[in-house]
Amino acid sequence: MDVLLANPRGFCAGVERAIEIVEKALEQYGPPVYVRKEIVHNPYVVGQLKKRGAVFVEDLDEVPQGGLAIFSAHGVSPSVWEQGKQRDLRVVDATCPLVTKVHREVARYVAEGRTVLLIGHAGHDEVIGTLGQSPQNTRLVGTAEDVAAVDVPDPSLVGVVTQTTLSVDDTREVLEAIRRRFPLAKTPAAGDICYASQNRQNAVKVLAEQADVILVVGAPNSSNAQRLREVAERCGARGYLIDYASQIQPEWLEGATVVGVSAGASTPETLVQDVVHWLEEHHPTVTRQIVVTEEHVVFPLPSQLISIGT
């Protein structure tokens with residue numbers, strides 16, 4: 001059996017930055033450090049940070065008055081910032097800079113008097129934060145059918161943003177529907193889907209040209225990991241999403257001579273290597289990397305942590 005490892009895979013710059021923020025905050029301020037929601041969507045990462053003294057909460061009401069709170073990589077609405085201010089919390093923002101860019105686009109469109117169409121998945125933490133930038137002026141659309149049904153005050157004043165972790169192909173279809181219905185709509189020049197999501201999807205497409213089965217390592221609530229599985233299946237491979245190697249079902253691999261392995265942007269490399277080791281233990285394998293592109297993106301830490309991070 002040949003095992004093909006997608007490259008790039010796993011952690012992106014925004015995830016690395018978010019995790020480092022929690023680690024540096026624990027080092028600089030000491031535990032407990034409170035994190036609103038999962039810092040990134042991966043239970044292994046969350047579990048490791050809990051061991052070091054991070055406390056994960058669903059709402060800022062769970063943080064003691066004046067405590068240190070970290071906002072997750074997915075971003076939050078202005079109302080959450082206001083809640084932190086009212087509780088006199090010390091806040092460190094781990095929002096991915098690419099998500100912050102989308103928030104700024106929303107603000108700019110609203111200032112221009114536009115209704116914002118947000119392409120995304122309802123209920124995802126990033127989407128909740130982006131909708132919260134201007135709830136009264138933003139509409140969520142996930143499909144071309146949603147675009148056909150959406151109501152806007154002035155069809156000539158529409159701006160478009162997207163969730164950063166979507167499928168490039170699916171988003172293209174929705175954008176085309178928006179342009180047909182709202183030909184004067186302002187859309188991002190290159191889209192809002194982040195470089196890491198694009199690169200990982202492109203790598204899975206290359207894997208699918210050779211692999212019978214593609215195993216995507218990532219959490220079920222990781223949007224970008226789910227998109228990788230969908231891309232694999234759309235390209236003709238059998239795609240499976242797993243948190244851990246122990247979840248692999250032997251019947252998935254029956255008849256497969258080439259197995260591809262990728263990982264969502266929130267997945268640590270140690271979990272990928274666990275999958276490779278499982279495959280090596282259960283099958284005679286030859287493992288090699290398939291390099292589609294190289295990534296050199298690095299995001300700086302927030303100013304509160306610069307002295308520790310340098």
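Contact here means that heavy atoms lie within 4.5 Å of each other, and by that criterion aspartate 61 touches Gln83 and Arg87, leaving aside residues up to four places away in sequence. The structure is a predicted model.

- Strand 2 (residues 33–36) and strand 3 run parallel and are joined by 4 bridges, and tyrosine 34 has valine 55 in strand 3 as its bridge partner.

**Helix 9 and its surroundings**

- Helix 9 (residues 223–234) is made up of 12 residues and reaches 16 Å from its first C-alpha to its last, close to the 16 Å expected at 1.5 Å a residue.
- Its buried residues, including Leu228, Val231 and Ala232, pack against helix 8 (195–208), strand 9 (213–217), strand 10 (238–242) and strand 11 (258–263).
- Glycine 236, which follows helix 9, has a positive phi, near 100°.

**Aspartate 61**

- Aspartate 61 is found in the loop between strand 3 and strand 4, and it counts as exposed because its relative accessible area is 52%, where exposed means over 50%.
- Although aspartate 61 and glutamine 83 are 22 residues apart along the chain, their C-alpha atoms are separated by 8.5 Å.

**Backbone exceptions in loops**

- Most residues other than glycine have a negative phi, and most peptide bonds are trans.
- The peptide bond from asparagine 7 to proline 8 is cis, with omega near 15°, and proline 8 has its place in the loop between strand 1 (2–7) and helix 1.
- Proline 31 and proline 32 are likewise joined by a cis peptide bond, with omega about 0°, and proline 32 is found in the loop between helix 1 and strand 2.
- Lysine 37, in the loop between strand 2 and helix 2 (43–51), has a positive phi of about 65° although it is not a glycine, and this lysine 37 is partly exposed, with a relative accessible area of 22%.
- Aspartate 88, in the loop between helix 3 (78–86) and strand 5, also has a positive phi, near 55°, and aspartate 88 is exposed, with a relative accessible area of 54%.

Key
Residues numbered from 1 in each chain as written. Predicted model: local features only at pLDDT ≥ 70, side-chain atom pairs only at ≥ 80, totals over all residues. Heavy atoms only, no water. Pairing = 2+ DSSP bridges. Helix = DSSP H or I, 4+ residues; strand = E, 2+ residues; numbered from the N terminus. Expected span 1.5 Å × (residues − 1). Buried < 20%, exposed > 50% of the residue type's maximum accessible area, 1.4 Å probe, protein only.
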